[in-house]
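Please keep the structure in view while reading.

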Amino acid sequence: MRESAHNLSCEEFQAQLPDLIGSGEEIDDHPHLNSCKLCRALLADLDTIAQAARQLFPVEEPPSSLWAHIKSAIVFEEAATSKNGQ
Amino acid sequence: MPYCTPSTQSPRETGKSPSVEAAHPPASCIGSDCTTNQDQAALLARAQAGDHEAFAQLYSIHKKKVFSLCLRMVGNVAEAEDLTQEAFLQFHRKIDTFRGESALSTWLHRLTVNVVLMQLRKKGLQLNSLDEIMEPESDQRPGRSFGAPDLSLSGVIDRLALQRAIEDLPAGYRLVFVLHDIEGFEHNEIASLLDFSIGNSKSQLHKARLKLREFLLNRPRQEARK
């Protein structure tokens, strides 16, 4: 396994990346990465993107008019339920 | 009881009641940064008993996070408003079924994700399908990276550019990326939510990240051309 991992081409290594990354295991010391600057840079970039995304989106305020819509929909539903129950 | 208008200011903004949950927020938690857990439990109990004012306060506490989650998932303000409304209507309909096994914020987060997914399915996004349906058109697919000469993002990312790139991702990629990398869901949870395999979830996430990288790397060239 270790031996064959040494001989992976970039294409083969990158085809395995979703599983390698998704496994949650440390892959920085993968044999292919020791000898491949290209794939090391790729992995670093993907990690940078994932980390940046976590801090990205601000919390947004919905428009104040939204509550009025929700409120009237709830009142309408409750009235319908009450009518059906009678 | 008539409905009141919920406060436009959260207790955090007014400086009241530090949050218990906010001190240790779970990755996939929404709301909860405005009141203590006890306050929310009391509000919830009142809302479950039909107190409209209490429900209005729960809306006030959770509205930003629900709306923001919808916005991240669909990337469109008008749709996010509709989905936020639907999420709170569902919350109201199902409020009696909440038994407190999880935090209310976590429960509401799940409910909101399900509302968004249901809507996307109605609109024709077939999330339970295989890769080829999740795949964007071939010219939109992220390229492989072997042989590309200028790879590094140098650890620095333009936040606005990344945000725009995420919004522009094809719907299937964006969903998995948002659920995993932003909302903190695990692959097995995403697979269950979207009704496909764990392998598919990993693959979609990887492709989404590749697509974002491609966009960010090409951006300086695109701007230079302009």
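In this predicted model, helix 4 of chain B, residues 52-74, packs against helix 6 of chain B, residues 104-122, at an angle of about 35°. The axes of these two helices lie 10 Å apart, and helix 4 of chain B passes helix 6 of chain B in a right-handed crossing. On the side of helix 4 of chain B, the contact is formed by His62(B), Val66(B), Leu69(B), Cys70(B), Met73(B) and Val74(B). Helix 6 of chain B contributes Leu108(B), His109(B), Thr112(B) and Val116(B). Sorted by class, the contact comprises seven nonpolar and three polar residues, with no charged residues.

Helix 5 of chain B covers residues 77-94. Its 18 residues should span 26 Å, because each residue accounts for 1.5 Å; the end C-alpha atoms are 25 Å apart, which agrees with that expectation. The buried residues of helix 5 of chain B are Ala80(B), Leu83(B), Thr84(B), Gln85(B), Ala87(B), Phe88(B) and Phe91(B).

The description now turns to the contact between the chains. Here, 39 residues of chain B are in contact with 34 residues of chain A. On the side of chain B that touches chain A, at least two residues each come from helix 4, helix 5, helix 8 (159-168), helix 9 (171-182) and helix 11 (198-225) of chain B. Which helix of chain B gives the most to this side? Helix 4 of chain B does, with eight residues. By class, the residues on the side of chain B that touches chain A are 15 nonpolar, 13 polar and eleven charged.

Key. Residues numbered from 1 in each chain as written. Chains lettered and ligands numbered in written order. Predicted model: local features only at pLDDT ≥ 70, side-chain atom pairs only at ≥ 80, totals over all residues. Axes fitted to C-alpha atoms, helices over the stretch in contact; angles between N-to-C directions. Helix = DSSP H or I, 4+ residues; strand = E, 2+ residues; numbered from the N terminus. Left-handed = near helix turned anticlockwise from the far one by under 90°. Contact = placed C-beta atoms within 7 Å. Nonpolar A, V, L, I, M, F, W, Y, C, P; charged D, E, K, R; others polar. Expected span 1.5 Å × (residues − 1). Buried ≥ 20, exposed ≤ 12 C-beta atoms within 10 Å, placed from the backbone.
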